[in-house]
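Me: I've got a structure up on my screen and a few things to ask about it. Can you walk me through it?

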Amino acid sequence: EVVVVWFRQDLRLQDHKALHYAIKDAKQNNRSIIGVFHIHPALNETFTIRHDYFFSTLASFTEDAKEINLPIHFLHGDTEQAFRNLLSTIPSIQAVYFNLDEVGFGRQRDDHITVWLEEQEVNVHRFVDAHIHGAEEVKKPDGGFYQVFTPYYRRWSSFDKPSLYTIDKQKLQQYGQDNTDQFSRGKEQFQQLLNQCQKDWNHIGERSAVQRLSHFLRHKVKKYEQERDFPAKHATSMISPYLKNGVLSPRTVYQKAMEIQNEYGESKGLETFVSEIAWRDFYNMVHYLYPNFKKEEVQSKYQGLDWNEDEELFDTWKKGETGFPIVDAAMKQINEIGWMHNRLRMVVASFLTKDYLIDWRKGERYFADHLIDYDPSSNIGGWQWAASTGTDAVPYFRVFNPTRQSERFDPDGEFIKAYIPELTHVPKKYIHEPSKMTEAEQERYGCIIGKDYPKPTVNHKTMRKQAIAMFENNEPSL
Ligand code: FAD
């Protein structure tokens, strides 16, 4: 008899609920274990940097799993077809274990396949694993859902935190089973996807993830509170790509943070860091509550806003050619490395929606194609927050001023210069608004505005007024 562990965005061999319980089952019932990964046809439709990162991670995971006698079997075709093929190839399968997607397309797929597998008399064991507290867990005392982060977080903090689901690798050595030669078509498809990967990622996989987290907790978390908003300081953990692909579990992040707290004592930095992990849970809960989160403004009074359809303007944002250095440097960061600092995500999202009046959904899609840590719930949450349309959003009349943000969070222009070499010699006085340089200064500092670096595409003061009017005009009147 065989039990299956279906891996998806939980590519790790530590603290993994589904794997933990599958091993228990194998031990109790003397069954073998196989690991599967399903290549859904949608994965063949587009190939972005996110896919490059994901499949490179999957390749590294497959190697690690093989080492402990858990070969990964690649399934292909639509979900039902993939599992039908699996069951007919290995008829002795008794149970399928997996960590559930709580929201979006993944949730629909998981619910559908659960019913189908049970109809085939296969037991399904599914777990809420991707968050410290799942979408249904943190509720008001009256059973309602929270809409605002601060009270949610207060309650979140009051709950006991799960400990780690340890994996006995010795046991796996004993129970793992290799039938991979019978799944050659899936393997070929995986190889084709791998052939499309072009980037040479240096810090991929579980070992790197744990190292990065430990380094951050030991050396940086103390200053996190003061420094996290300054992109040039590299003061955040950069663990988001690992959390996104489940290379690192949020429980591990929490428990390791607590170990550091026990060793070095409490700190404001550590406390703030833990609250950021809770934001991830919060947006998962909001997405669960609003299944249309991706398509529709949570606040119905802001549905149908009169967004600007100017594609040329949108292009200048995408390429980082808006003439606002902090926005442009941030967009060059995402375009170059597939990641962007949190403060800058807020700045560019505010800029697109309030200075360009371009629909947040377009920005959300652009991030989806360019972030290696793309997480629908956090991304939509971030965009709806910036666009003032979400549950817990910045009010529409408080519009970020991109120049003031730049002066505050990149005072010396260090981050700007790292991504815009044309501004290298521009002095601090002008780095946030290079168009203020006289012609002579432009010559002196080797940056001609309109040639080496663009003029500002819009006037912030004017656009701020237009943004406020756009929201006010949409509010229902008596
Ligand atoms: P740290 O500051 O070290 O935080 C640790 C972890 O906490 C992060 O890895 C992340 O998992 C979580 N976290 C931190 N801030 C937030 C937040 N505001 N919301 C939810 N979780 C948070 N995060 C994503 O993981 N994927 C996205 O697609 C995404 N899109 C965003 C879009 C916009 C417009 C905005 C404003 C924010 C978005 N975020 C997203 C949240 C945040 O910007 C990133 O999680 C963070 O920058 C990742 O860097 P880090 O790991 O160094 O973060």
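Me: How far apart are the centres of domain 1 and domain 2?
Reply: Quick background first: this is a predicted model, where local features need pLDDT of at least 70, side-chain atom pairs count only at pLDDT 80 or more, and totals for chains, interfaces and linings use all residues. Residues are numbered from 1 along each chain as its sequence is written. The domain bounds come from an automatic or database domain assignment, which gives domain 1 (2–130 + 186–196), domain 2 (206–289) and domain 3 (300–474). Taken over C-alpha atoms, the centres of domain 1 and domain 2 are separated by 27 Å.

Me: What classes of residue does domain 1 put on the side that touches domain 2?
Reply: The contact takes 14 residues from domain 1 and 13 residues from domain 2, where contact means C-beta atoms, placed from the backbone, within 7 Å. For the classes, Ala, Val, Leu, Ile, Met, Phe, Trp, Tyr, Cys and Pro count as nonpolar, Asp, Glu, Lys and Arg as charged, and the others, Gly among them, as polar. On that side, domain 1 has 6 nonpolar, 3 polar and 5 charged residues.

Me: In S2, what is the bridge partner of Val 5?
Reply: Strand S1 (residues 2–7) and strand S2 (residues 32–39) pair in the parallel sense over 6 bridges. Along this pairing, Phe 7 stands opposite Phe 37 in S2. For Val 5, the bridge partner in S2 is Gly 35.

Me: Is Ser 388 buried or exposed?
Reply: Ser 388 sits in the loop between H17 and helix H18 (402–409), and has a positive phi of about 65 degrees although it is not a glycine. A residue is buried if 20 or more other C-beta atoms, placed from the backbone, lie within 10 Å of its own, exposed if 12 or fewer, and partly exposed in between. Because Ser 388 has 23 C-beta neighbours inside 10 Å, it counts as buried.

Me: And how many other C-beta atoms lie within 10 Å of Asn 69?
Reply: Asn 69 has a positive phi of about 65 degrees too, although it is not a glycine. Its place is the loop between helix H2 (49–67) and strand S3 (72–76). Asn 69 is partly exposed, and the number of other C-beta atoms within 10 Å is 16.

Me: Which residues does His 20 touch, leaving out those up to four places away in sequence?
Reply: His 20 lies in helix H1 (residues 17–29). Its C-alpha atom is separated by 5.5 Å from that of Ile 167, 147 residues apart along the chain. Leaving out those sequence neighbours, His 20 touches Tyr 165, Thr 166 and Ile 167.

Me: Which residues around the ligand come nearest?
Reply: The shell divides into 13 nonpolar, 7 polar and 7 charged residues, and a residue counts if its C-beta atom, placed from the backbone, lies within 6 Å of the ligand. At least three residues come from each of domain 2 and domain 3. Of the 27 residues, the nearest are Thr 236, Ser 237, Ser 240, Asn 379 and Gly 382.

Notes:
Helix = DSSP H or I, 4+ residues; strand = E, 2+ residues; numbered from the N terminus. Contact = placed C-beta atoms within 7 Å. Pairing = 2+ DSSP bridges.
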